[in-house]
Amino acid sequence: MAQRLALRRLLAVPTRALGTSAGRPSAFNVQDGGDFQERVVNSAKPVVVDFHAQWCGPCKILGPRLEKMVAKQEGKVVMAKVDIDDHTDLAIEYEVSAVPTVLAMKNGDVVDKFVGIKDEDQLEAFIKKLIGA
C-alpha cells in the first residue's frame, strides 16, 4: 500500500507548474487524506485550498484565476486543489456545502474562507491577507 501511494505521488502531475519555488509547483492536486495532511495541514507556508468539482461551471472560472494569483506571490503561498467528488471526506471535514469553496490555511488552521466566484482584485486581497502582505 505504501509503495502504491509513493508511486501515485511520483506519477502525479501537478495542475500547472506556475510560479515555482525551489522547483516545486505553486499549485497541486490533493491525492488523498495523507497527502492533504502532509502538504496542507503540515505546510510551513500558507495554503489556499480550492474545493471544486469537475461539473461546476464557476469552479472552472475561479480555478485558473486563483492559480494565477498564487503564482504571482512567488512561492510565499501554495495552492491545493481538492475535487469534492474524489475527496468527500475532506469536504465534510472542512464543512464544504457548496463549490467553489476556498479556504485560507496557516499552520494547519483555517484562517479565512469564501464561497463562490471572486474577481482578481478580491482574490489578490484574500491572498495578501493570508500571507500578511
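Which element gives the most to the lining of the second largest pocket? Keep that in mind while you get oriented.

**Set-up.** You're looking at a predicted model, where local features need pLDDT of at least 70, side-chain atom pairs count only at pLDDT 80 or more, and totals for chains, interfaces and linings use all residues. Residues are numbered from 1 along each chain as its sequence is written, and side-chain values use heavy atoms, with hydrogens and water left out.

**Stop 1: the whole chain.** Switch to cartoon and colour by secondary structure. There are five helices and five strands, in the order α-β-α-β-α-β-α-β-β-α from the N terminus. Helices here are DSSP runs of H or I with at least four residues, strands are runs of E with at least two, and both are numbered from the N terminus. Of the 133 residues, 44% count as buried (buried is under 20% relative accessible area, exposed over 50%, partly exposed in between, with a 1.4 Å probe and protein chains only). Among contacts (heavy atoms within 4.5 Å) between residues at least 6 apart in sequence, 67% join residues at least 24 apart.

**Stop 2: the pocket.** Select Asn-29, Asp-50, His-52, Ala-53, Gln-54, Cys-59, Lys-60, Gly-63, Pro-64, Lys-81, Asp-83 and Asp-86, which line the second largest pocket. A pocket is an open set of points on a 1 Å grid over the protein atoms alone where a 1.4 Å probe fits, with protein on both sides within 12 Å along at least five of seven lines; lining residues have an atom within 4 Å of a point. Its volume is about 210 Å³, meaning the space filled by probe spheres set on the points, with grid points joined across faces, edges and corners. Back to the opening: helix 3 gives the most to this lining, with four residues. Strand 2 (47-52), helix 3 (57-71) and strand 3 (78-83) each supply at least two. By type, the lining splits into three nonpolar, four polar and five charged residues (nonpolar is Ala, Val, Leu, Ile, Met, Phe, Trp, Tyr, Cys and Pro; charged is Asp, Glu, Lys and Arg; the others, Gly among them, are polar).

Stop 3: Centre on Val-49 next: not counting residues up to four places away in sequence, its partners include Phe-36, Ala-80 and Leu-103.

**Stop 4: Val-78.** Hop to strand 3, where Val-78 lies. Val-78 is buried, at 14% relative accessible area. Leaving aside neighbours within four places in sequence, Val-78 contacts Ser-26, Phe-28 and Val-70, among others.

Stop 5: Most residues other than glycine have a negative phi, and most peptide bonds are trans. In the loop between helix 4 and strand 4, pick Pro-100; a cis peptide bond joins Val-99 to Pro-100, with omega about 0°. Glu-95 sits in the loop between helix 4 and strand 4 too, and has a positive phi near 55°. Finish at Asn-107, in the loop between strand 4 and strand 5 (109-115), where phi is again near 55°.
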